[in-house]
Amino acid sequence: MKNVTVTMSEALLQRARIAAARDGKSLSRFVAEAVEDRVGRPLTQREALDQFLSGPSWHVLDDNGRAPTRDHMYDDD
């Protein structure tokens, strides 16, 4: 973990402290989670793979639901 310095108005700081206390969190945890909500968190390797595999599919089947033959794919015509 790294420490950061954040500058904000006294009024905003007071509201942030109250919101953190209401959530039962430290101010540091509250701010970290707010930033994570805004920028997202890195995907795990599994999540990245699932996202990639669920991407747009390739529509290679013909109207009869058959895949092209090798000869059709590599035909020079």
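The protein chain has 4 helices and 0 strands, which gives the pattern α-α-α-α when read along the sequence. The model is predicted; the mean pLDDT of the protein chain is 90. The radius of gyration is 26 Å, whereas a compact globule of 77 residues would come near 11 Å. Of the 77 residues, 5% count as buried.

**Overall dimensions and surface**

- Along the principal axes, the C-alpha trace of the protein chain spans about 75 × 25 × 20 Å.
- The protein chain exposes about 7800 Å², and carbon and sulfur atoms supply 53% of that area.
- The share of residues that count as buried, with a relative accessible area under 20%, is 5% of the 77 in the protein chain.

**Confidence**

- A pLDDT of 70 or more is reached by 99% of the residues of the protein chain.
- Among the elements of the protein chain, helix 1 has the highest mean pLDDT, at 98.
- The lowest mean pLDDT among the elements, 84, belongs to helix 4, which covers residues 70-73.

**Helix 1**

- Helix 1 runs over residues 10-22 and has 13 residues.
- From first C-alpha to last, helix 1 reaches 18 Å, close to the 18 Å expected at 1.5 Å a residue.
- The residues L13, A16, A19 and A20 of helix 1 are buried.
- Seen down the axis of helix 1, the buried residues fall within an arc of 130 degrees, so they line one face of the helix.
- An α-helix has 3.6 residues a turn, so residues three or four places apart point the same way.
- On the other side of helix 1, the exposed residues are E10, R15, A21 and R22.
- The partner against which the buried residues of helix 1 pack is helix 2, residues 27-39.
- After helix 1 comes G24, with a positive phi near 70 degrees.

**Helix 2**

- Helix 2 also has 13 residues, and the distance from its first C-alpha to its last is 18 Å, close to the 18 Å expected at 1.5 Å a residue.
- Just after helix 2, G40 takes a positive phi of about 85 degrees.
- F30 lies in helix 2 and touches A16, A19, A20, D23 and K25, leaving aside residues up to four places away in sequence.
- Among these contacts of F30 are A16, A19 and A20, which are buried residues of helix 1.
- F30 and A16 are 14 residues apart along the chain, and their C-alpha atoms are separated by 8.0 Å.
- S28 is also placed in helix 2.
- S28 counts as exposed because its relative accessibility is 57%, and the cut-off for exposed is over 50%.
- Between the C-alpha atoms of S28 and M8, which are 20 residues apart along the chain, the separation is 14 Å.

**Segment before helix 1**

- T5 sits in the segment before helix 1.
- With a relative accessible area of 76%, T5 is exposed.
- T5 and D50 are 45 residues apart in sequence, and their C-alpha atoms lie 36 Å apart in space.

Notes: Residues are numbered from 1 along each chain as its sequence is written. This is a predicted model: local features need pLDDT of at least 70, side-chain atom pairs count only at pLDDT 80 or more; totals for chains, interfaces and linings use all residues. Side-chain values use heavy atoms; hydrogens and water are left out. Helices (H or I, at least four residues) and strands (E, at least two) are DSSP runs, numbered from the N terminus. The expected span of a helix is 1.5 Å times one less than its number of residues. Buried means under 20% relative accessible area, exposed over 50%, partly exposed in between (1.4 Å probe, protein chains only). The arc is that of the directions from the helix axis to the C-beta atoms. Contact means heavy atoms within 4.5 Å. The radius of gyration is taken over C-alpha atoms; the globule rule is 2.2 Å times the number of residues to the power 0.38. Accessible areas come from the Shrake-Rupley method with a 1.4 Å probe; for residues, only the protein chains shown count as cover. pLDDT is the predictor's confidence in each residue, from 0 to 100.
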